[in-house]
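Here are my notes for someone opening this one for the first time. Have the picture beside you as you read.

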Amino acid sequence: MSALVSGPISRAAVAPITDVNTNLVAAPALPSGFPSHLDSELAWTPASLAVAADFILRLNEDDITEVNAAVAHFKTLDQDGDLVEPTNFPLPTLGPKLEKLSREVHNGKGFSVIRGLKPASYPVEDLSLVYLGLSSYIAEQRGRQDKRGNMLVHIVADNSTKLAAEHHRHSNKSITFHHEEAGDVISWLTRSTAAAGGKCIISSAYTVYNVLAATRPDIIRTLARSDWPFALPRFQCRPVIFYQDNRLIMNFGRAALLGNEAHPRSKNLPSLTSSQMEALDAIESIARATEMEIQTQAGDIHFINNLAILHRREGFVDGPTEKRHLVRMRLRSSREGWTIPTALEHEWERAFKEQGTKNWHLDPMPDFYFPLRSQPN
């Protein structure tokens with residue numbers, strides 16, 4: 001069962017502008033072309049999503065039987081697992097439900113969960129096929145996630161080195177709200193959960209925008225300026241928010257703007273201004289006040305619209321046998337995908353269009369792992 005949590009919006013983060021005599025003055029206008037309010041299903045609050053059935057697709061026995069038959073069928077084709085798609089992973093009854101879910105993720109509430117898989121029932125190869133097969137109905141294109149060409153990223157706690165322990169993938173610390181730097185849809189399969197903590201926590205960028213547009217339009221102007229000095233995965237100055245095709249798009253992460261222990265920011269790069277820091281804090285405060293927590297279960301597959309939904313992680317604790325293990329993919333749909341702003345195209349092209357190595361590691365690999373073979377095929 002999901003846990004829905006909300007709270008009052010921080011007044012400090014969205015306080016109206018006043019002059020030196022504390023008299024209210026007219027707020028500056030929104031950036032040209034930006035609306036005063038986003039009237040969209042994407043602008044949700046936890047109160048509007050109080051029923052888990054609104055966003056959880058629960059697989060029944062017939063669905064599981066159909067999934068297992070699709071796995072068996074695909075394996076008869078003698079194809080590489082990364083080629084799995086709806087045409088060779090047939091789901092005659094479940095497929096239409098997943099296609100509806102795809103529309104929901106792209107143009108509805110912006111997120112969904114598939115629940116009912118039992119990871120322990122599958123060899124890791126088959127479980128990975130299930131994950132890729134189901135995900136292909138949501139968005140069929142899969143993107144690289146780093147310069148090594150990793151297509152599946154394993155998010156597990158790793159304190160073997162200080163660098164690993166501080167990296168977002170391998171830290172067990174909490175992480176602030178953010179987006180991945182590429183991918184229309186971010187998906188992750190929960191192979192196993194932590195002993196404590198590690199919930200999925202999301203918030204609507206559309207709701208954040210509406211609050212700011214109504215109370216602090218100056219912050220919207222700051223977020224829409226093209227002078228934000230992003231350092232990861234490459235240095236560029238661009239906006240945090242965009243408005244095109246009647247859609248709001250938000251994309252940022254604090255590590256790319258401020259650095260962290262795993263990715264220290266070069267002193268040669270520009271620092272954020274006080275207005276930019278205020279804007280980041282306002283996003284975090286409003287997002288936390290309107291966030292939703294989902295108590296993740298082993299076997300859950302999450303999908304979030306990376307252009308419209310913020311996500312964060314609470315800290316977690318692994319036990320002797322209960323260890324958190326997520327497998328993440330970056331996805332894009334040729335049919336449902338949004339038009340990507342010019343300033344973000346480079347990262348999307350690197351992820352989805354560039355030719356190069358693609359590594360499909362079914363289990364976590366150490367840093368600097370090279371796939372040398374001990375025997376021929």
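1. A word on naming before anything else: helices (H or I, at least four residues) and strands (E, at least two) are DSSP runs, numbered from the N terminus. This is a predicted model, where local features need pLDDT of at least 70, side-chain atom pairs count only at pLDDT 80 or more, and totals for chains, interfaces and linings use all residues. Residues are numbered from 1 along each chain as its sequence is written, and side-chain values use heavy atoms, with hydrogens and water left out.

2. Start with the cis bond. Pro-233 sits in the loop that runs between β9 (228–230) and β10 (236–238). The peptide bond joining Leu-232 to Pro-233 is cis, with omega at about -5°. For background, most residues other than glycine have a negative phi, and most peptide bonds are trans.

3. Two loop residues have a positive phi without being glycine. Asp-78 is one of them, at about 55°, and its place is the loop between α1 and α2 (94–107). Asn-246 has a phi of about 60° and lies in the loop from β11 (241–244) to β12 (247–250). Are they buried or exposed? Here buried means under 20% relative accessible area, exposed over 50%, and partly exposed in between (1.4 Å probe, protein chains only). Asp-78 is exposed because its relative accessible area is 73%, and Asn-246, at 67%, counts as exposed too.

4. Now the whole chain. Its secondary structure comes to nine helices and 17 strands. Of the 377 residues, 52% are buried. Contact means heavy atoms within 4.5 Å. Among contacts between residues at least 6 apart in sequence, 81% join residues at least 24 apart.

5. Have a look at α1 (residues 61–75) against α3 (residues 124–138). Their axes come within 10 Å and cross at roughly 105°; axes are lines fitted to C-alpha atoms, for helices over the stretch in contact, and angles run from 0 to 180 degrees between N-to-C directions. Angles under 35 degrees count as roughly parallel, over 145 as roughly antiparallel, 65 to 115 as roughly perpendicular and the rest as oblique. α1 and α3 are therefore roughly perpendicular. Val-67, Val-71, Phe-74 and Lys-75 of α1 touch Asp-126, Leu-129, Val-130 and Leu-134 of α3. The residues of this contact split into six nonpolar, no polar and two charged (Ala, Val, Leu, Ile, Met, Phe, Trp, Tyr, Cys and Pro count as nonpolar, Asp, Glu, Lys and Arg as charged, and the others, Gly among them, as polar).

6. How enclosed is α3 by the rest of the structure? Largely, because 13 of its 15 residues are buried.

7. The other helix pair is α5 (residues 205–215) with α6 (residues 217–224). They pack at about 125°, axes 5 Å apart, and are therefore oblique to each other. Tyr-209, Leu-212, Ala-213 and Thr-215 from α5 meet Pro-217, Ile-219, Ile-220 and Leu-223 from α6. That contact has seven nonpolar residues, one polar and no charged.

8. Last, find Gly-319 in the loop between β16 (316–317) and β17 (325–332). With a relative accessible area of 12%, Gly-319 is buried. Gly-319 and Ala-196 are 123 residues apart in sequence, and their C-alpha atoms are 8.2 Å apart in space.
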